[in-house]
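Subject: Structure for your review

Dear colleague,

Please find below the structure that I am handing over to you. My notes on what was found in it follow directly after it.

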Amino acid sequence: MTDGARPATAPGDSPREAATHCPYCALQCGMTLRETGGRVEVLPRDFPTNRGGLCQKGWTAAELLDHPDRLTTPLVRDAGTGQLRPASWAEAMERVAGGVRAVQDRHGRDAVAVFGGGGLTNEKAYALGKFARVALRTRHVDYNGRWCMSSAAAAGNRAFGVDRGLPFPLADLGRARTLLMVGANPAETMPPLMRHVADQQAAGGTLIVVDPRATATARQADLHLQPVPGTDLALANALLHIALTEGYVDRAYVAERTTGFDEVRRTVAGYWPAEVERLTGVPVADLEATARALATAGGAIILTARGAEQHAKGVDTVTAFINLALALGLPGRPGSGYGCLTGQGNGQGGREHGQKADQLPGYRSITDPAARAHVAGVWGVSTDELPGPGVPAYQLLDSLGTPAGPKALLVFGSNPVVSAPRATRVEGRLRDLDLLVVADLVRSETAELADVVLPTAQWAEEDGTMTNLEGRVLRRRAVRTPPPGVRTDLAIIADLADRLGAKAGFGDDPAEVFGELRRASAGGVADYAGVSYDRIDATGGVFWPCPDPAAPDTPRLFADAFPTPDGRARFRAVDHRPAAEEVCAEYPLRLTTGRVLAQYQSGAQTRRVPALRRAAPRAFVELHPDLAARLGVGDGEDVRVTSRRGELRAPARLTPTIRPDTVFAPFHWGGAARANSVTNDAVDPVSGMPEFKICAVRVERAQP
Ligand code: SF4
């Protein structure tokens with residue numbers, strides 16, 4: 001049976017249970033699914049990340065399993081009516097395979113592209129990358145995780161030689177004397193994480209939050225720094241400036257464990273606190289208090305998240321905070337260090353095993369001849385047959401349907417019509433394709449544009465592995481079988497590869513795919529060779545790198561050395577620069593975007609859950625009351641937010657917790673309230689991360 005899933009219990013049978021993890025964010029809270037007579041119930045399960053807690057999204061996750069919107073048959077666009085209509089799997093798959101063949105015959109192999117997701121299991125992410133390279137033989141594969149953690153990933157690779165979001169277990173947060181969170185709002189995005197923060201504060205630790213909004217997390221902080229959006233890099237350099245002038249730098253650590261500090265020292269010398277106060281709006285006294293708390297507390301952790309990272313200078317901003325952490329000697333010590341809070345459910349594993357444009361499994365580079373030879377050997381193809389690197393997600397989507405770009409796109413686990421920056425333009429590109437195929441469980445906004453929609457299994461119906469924000473590889477376990485008419489992504493990929501005559505083998509058994517992933521990752525940076533389903537079952541989770549089944553895994557990195565050629569971490573001097581789009585007379589305000597507690601990512605799933613819809617029924621635009629008064633806008637009145645790229649319309653929500661020069665909109669909704677109609681598609685030159693977090697806008701009362 002596909003995926004090891006089993007038929008439903010009959011009424012009167014004993015309940016069946018599966019110990020698994022939440023389908024949503026990277027905290028991957030432990031949960032038990034109990035299936036009785038076909039009905040699945042979620043029970044919280046004690047796990048080191050969530051300690052028995054779940055947020056509302058986790059509690060209600062099973063409501064999608066039997067949701068009336070769920071797709072249970074493929075859909076194809078009817079040539080006569082132009083509408084999507086039900087079709088058999090044979091018809092749908094032949095339409096896909098035939099369409100792919102026609103496009104590639106006419107335009108070449110790179111004319112077909114694949115777009116994956118950070119919520120796919122490791123097995124699916126691996127299979128998708130392999131499918132692109134050896135079945136389609138296209139260089140064009142990338143995924144929506146590019147819009148999530150890619151700036152922190154690039155900065156981590158640059159400084160430490162490895163990208164593991166947290167290089168220590170999450171429980172270390174509780175041991176940190178000072179915790180600095182930059183652009184992170186876990187109280188709203190992953191509430192159970194705050195149990196660790198509560199431990200930290202209860203033990204007398206200090207929590208400092210950097211955020212333009214007084215978020216739920218910031219309101220719990222001992223000190224809240226509220227900078228102008230887009231100025232975090234300058235703020236970090238000022239903190240290091242203060243650390244230098246106050247004698248806080250750990251000179252022995254810098255000398256023994258790092259390289260490149262002199263240039264950083266010269267650069268931050270120019271970041272005088274008084275000047276940085278003028279730029280950021282953060283008082284000098286608060287900057288000094290933060291530097292002191294980080295340096296003198298006896299153990300500090302600096303965390304960044306999307307608020308710092310989703311900028312056209314996101315990599316350099318994260319680098320500035322890593323510089324600060326290294327100068328204070330934090331990484332590699334207990335209860336201390338730098339980390340990134342990964343967002344998507346498999347945001348970590350999804351960026352390790354080959355669905356990125358420049359990457360092969362095990363976090364290998366697709367341009368490295370040795371890496372290519374190793375992976376080609378595992379796949380049973382010649383090295384020459386593997387394509388080279390493609391382009392990052394936004395660049396890929398923005399090229400679709402253009403003369404030089406792909407003419408067909410296969411989307412798995414993503415909804416770019418809502419989640420892409422400058423989404424109106426991306427939507428147009430998708431409409432220009434000769435063939436758009438979407439594998440999803442509901443008719444998402446992207447599926448609505450597709451030529452073929454393939455219904456996929458949900459998390460409770462499949463086995464596999466996920467890698468959480470700590471780099472801990474976890475088991476996802478099925479409690480029931482997919483409904484008739486629904487297939488797993490692995491089964492869809494294997495069928496398509498077969499129809500396209502792929503030489504390499506593709507299977508639909510997750511355990512077998514994982515076995516192959518282990519071999520493909522062996523010797524890579526993200527080495528899973530020593531991870532097995534049995535080992536995860538026995539331990540609850542295995543931290544990578546784990547090259548040897550018989551040796552311990554690696555909960556903490558950097559204790560003795562960094563995985564760089566000389567074993568030292570690398571400082572890199574970085575300078576503040578303005579946002580890609582600053583305010584002006586026509587667009588005098590800054591828009592920043594983000595999440596709300598009861599919705600997740602593009603909302604394709606959570607907007608359909610009644611309890612979540614009740615909790616967060618619609619989009620809104622957050623404005624400071626002073627700004628609202630100036631604009632003549634009352635609470636709840638519709639406003640129009642306009643940028644150079646488009647507009648969104650949603651009710652105003654007045655709150656004093658936001659800066660008066662900044663407005664906020666959540667990005668979970670499509671249609672007229674789509675925040676990404678407005679956002680800027682400027683990208684970071686290193687990571688390809690779009691500037692979701694800041695653009696210049698005009699706000700006005702919408703005409704009824
Ligand atoms: S959404 Fe995140 S925080 Fe909420 S239950 Fe799921 S894994 Fe936990």
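In this predicted model, helix α8 (residues 232–245) and helix α10 (residues 261–268) pack with their axes 9 Å apart and at an angle of about 100 degrees. Angles of 65 to 115 degrees count as roughly perpendicular, and α8 and α10 are therefore described as roughly perpendicular to each other. On the α8 side, the contact is made by Asn237, Leu240, His241 and Leu244; α10 contributes Phe261, Val264, Arg265 and Val268. As background, an α-helix has 3.6 residues a turn, so residues three or four places apart point the same way.

Nine of its eleven residues are buried, so α19 is largely enclosed by the rest of the structure. The buried residues are Asp489, Leu490, Ala491, Ile492, Ile493, Ala494, Asp495, Leu496 and Ala497. Which elements do the buried residues of α19 pack against? They pack against the helices α2 (89–107), α3 and α20, and against the strands β16 (408–412), β17 (435–440) and β18. Just after α19, glycine 501 takes a positive phi of about 75 degrees.

Helix α20 (residues 510–521) holds arginine 518. Not counting residues up to four places away in sequence, arginine 518 touches Tyr528, Ala529, Gly530, Val531, Ser532 and Pro549. Glutamate 700, by contrast, is 182 residues from arginine 518 in sequence and 55 Å from it in space, C-alpha to C-alpha.

Glutamine 458 also has a polar contact with a backbone oxygen. This residue is placed in the loop between β18 (452–455) and β19 (464–467), and at 4% relative accessibility glutamine 458 counts as buried. A polar atom of its side chain lies 2.8 Å from the backbone oxygen of leucine 64. Leaving aside neighbours within four places in sequence, glutamine 458 is in contact with Leu64, Leu65, Arg70 and Leu441.

Turning to the strands, β1, β2 and β3 form an open sheet in that order, with antiparallel pairing. Its edge strands are β1 (16–21) and β3 (39–44), each of which pairs on one side only. From one strand to the next, the twist averages 25 degrees. Six bridges link strand β2 (residues 30–36) to β3 in the antiparallel sense, and leucine 33 stands opposite valine 42 in β3.

A parallel pairing is found elsewhere: strand β12 (residues 300–304) is joined to β13 by four bridges. Isoleucine 301 has glycine 337 of β13 as its bridge partner. Within β13 (residues 337–340), Gly337 and Gly339 point one way and Tyr338 and Cys340 the other way, and all are buried.

Finally, several backbone features deserve a place in these notes. Where is the cis peptide bond with omega near 0 degrees? It runs from tryptophan 544 to proline 545, and proline 545 is found in the loop between β21 (542–543) and β22 (569–570). The loop between β21 and β22 is also the place of phenylalanine 558. Phenylalanine 558 has a phi near 75 degrees, a positive value in a residue other than glycine, and at 6% relative accessibility it counts as buried. Arginine 137 likewise has a positive phi, of about 55 degrees, although it is not a glycine. Arginine 137 lies in the loop between α3 (122–136) and β7 (141–143) and is partly exposed, with a relative accessible area of 30%.

With kind regards

Key: Residues numbered from 1 in each chain as written. Predicted model: local features only at pLDDT ≥ 70, side-chain atom pairs only at ≥ 80, totals over all residues. Heavy atoms only, no water. Axes fitted to C-alpha atoms, helices over the stretch in contact; angles between N-to-C directions. Helix = DSSP H or I, 4+ residues; strand = E, 2+ residues; numbered from the N terminus. Parallel < 35°, antiparallel > 145°, perpendicular 65-115°, else oblique. Contact = heavy atoms within 4.5 Å. Buried < 20%, exposed > 50% of the residue type's maximum accessible area, 1.4 Å probe, protein only. Pairing = 2+ DSSP bridges. Polar contact = N/O pair within 3.5 Å; in protein donor to acceptor, adjacent residues only side chain to side chain.
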